[in-house]
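I wanted to go through the salt bridges and the sheet of this model and write down what I looked up. The entries below follow the order in which I went.

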Amino acid sequence: MNQRQRFHAAVKGQPVDRPPVTAWVHFLSDHLQGRQTADLHIEFLREYQWDVLKVMNDYRYPVPAGVQTLEDVSSLRAYQRISLKDPSFVAQLECLQRIQDACPDTPLLETGFEPYQQIVRNIGFSQVQNLYRHRGEALAALEVVTEVMSEYIAAVKAMGIEGMFLSINGAIPAHVARGATEEQHEVFQKPFTVAVLQAAEGMARVLHVHGSSLEMERVQGYPFEVLSVSDRLPSNPNLSQLRAMSDKCLMGGIDETKIQERTLPEIAAEVEDSFAQAGRQNFILAPGCTIPSFTSQRNLRYLREYTSTP
């Protein structure tokens with residue numbers, strides 16, 4: 001099977017010759033031009049021959065000019081429709097196009113963040129209570145961000161990009177950092193996230209349920225084809241439990257917090273344990289989240305070589 005056949009078969013739960021494998025790191029792309037970010041991804045892909053390339057998107061959704069916090073309601077009113085000609089979108093679209101041109105046989109996943117995060121992640125998570133405090137204006141701002149994100153996804157889809165990897169904080173409970181109550185999730189997160197995922201219909205939608213101590217029942221009703229969780233964190237469901245929860249393709253198995261310090265036999269054991277829990281069908285072997293940029297070439301090369309044959 002080629003890379004594209006293997007990826008789509010895994011997503012659809014069809015037979016594969018071996019589970020597809022991928023990994024990803026941050027490249028500090030907010031500081032680079034689109035072509036520079038693309039070249040880093042291309043080099044990473046060619047070095048390890050991943051079956052799928054998840055393209056990081058660190059060109060953050062723009063905070064309106066002059067806005068520093070969300071303390072004043074005018075800050076949320078400043079969120080107005082912006083064009084895809086904004087440099088943040090132009091740079092990432094250039095990055096995607098350059099990778100696609102250089103690596104036409106590799107399935108690409110564009111990375112995105114739910115509208116809620118596009119506001120509080122970019123202005124500062126400390127401002128979340130101000131977001132909740134200005135309810136009406138916050139919901140209007142979230143609607144604007146959702147519309148712009150949906151327009152961006154349409155542009156990505158039109159390029160022929162294979163899938164969308166959407167990171168959400170919605171399943172993090174309120175007692176955990178960056179968490180929310182059930183009500184806050186239902187009002188400020190879920191409706192807008194679902195709208196973005198609906199805009200990506202027709203792509204392979206990877207729902208990355210970020211965080212720890214996750215309340216997985218919250219993601220019911222989210223449309224997606226692939227479920228990504230940091231399954232190795234002790235407070236999260238493991239792959240066996242996720243397999244019992246969902247018939248969707250699972251993505252995970254590699255502990256992103258420890259891969260940089262693993263011995264080679266430990267990496268092999270983790271891979272085999274992942275296959276034992278999730279099976280070899282309807283599964284993509286990947287880290288639960290971003291791996292450290294200082295993860296050794298030795299460990300990554302061994303992971304790739306160990307998993308390269310059926």
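I am working on a predicted model, in which local features need pLDDT of at least 70 and side-chain atom pairs count only at pLDDT 80 or more, while totals for chains, interfaces and linings use all residues. I also note that residues are numbered from 1 along each chain as its sequence is written, and that side-chain values use heavy atoms, with hydrogens and water left out.

I then asked which residue R205 forms a salt bridge with. The partner is E225, with the closest N and O atoms 2.8 Å apart; a salt bridge here is a side-chain nitrogen of Lys or Arg within 4 Å of a carboxyl oxygen of Asp or Glu. R205 belongs to strand 4 (residues 204–209) and E225 to the loop between strand 4 and strand 5 (226–229), so the pair ties together parts that are 20 residues apart in sequence. Helices (H or I, at least four residues) and strands (E, at least two) are DSSP runs, numbered from the N terminus. E225 counts as partly exposed, at 22% relative accessibility.

Entry on E270. I recorded a salt bridge between the side chains of E270 and R232, at 3.8 Å from N to O. E270 lies in helix 10 (residues 264–278) and R232 in the loop between strand 5 and helix 9 (239–245), so this pair ties together parts that are 38 residues apart in sequence. E270 is buried, with a relative accessible area of 8%, whereas R232 is partly exposed at 22%. E270 also forms a salt bridge with R262, where the closest N and O atoms are 2.8 Å apart. In total I noted 18 salt bridges in the structure.

I read the strand order of the open, seven-stranded sheet as 1-2-3-4-5-6-7, with parallel pairing; two strands pair if DSSP finds at least two bridges between them. Strand 1 (53–55) and strand 7 (283–287) are the edge strands, each pairing on one side only. Strand 6 (residues 249–254) pairs with strand 7 in the parallel sense over five bridges, and I found I284 in strand 7 as the bridge partner of M251. Helix 10 packs on the sheet, touching strand 6 and strand 7, where contact means heavy atoms within 4.5 Å.

Note on methods: Buried < 20%, exposed > 50% of the residue type's maximum accessible area, 1.4 Å probe, protein only. Axes fitted to C-alpha atoms, helices over the stretch in contact; angles between N-to-C directions.
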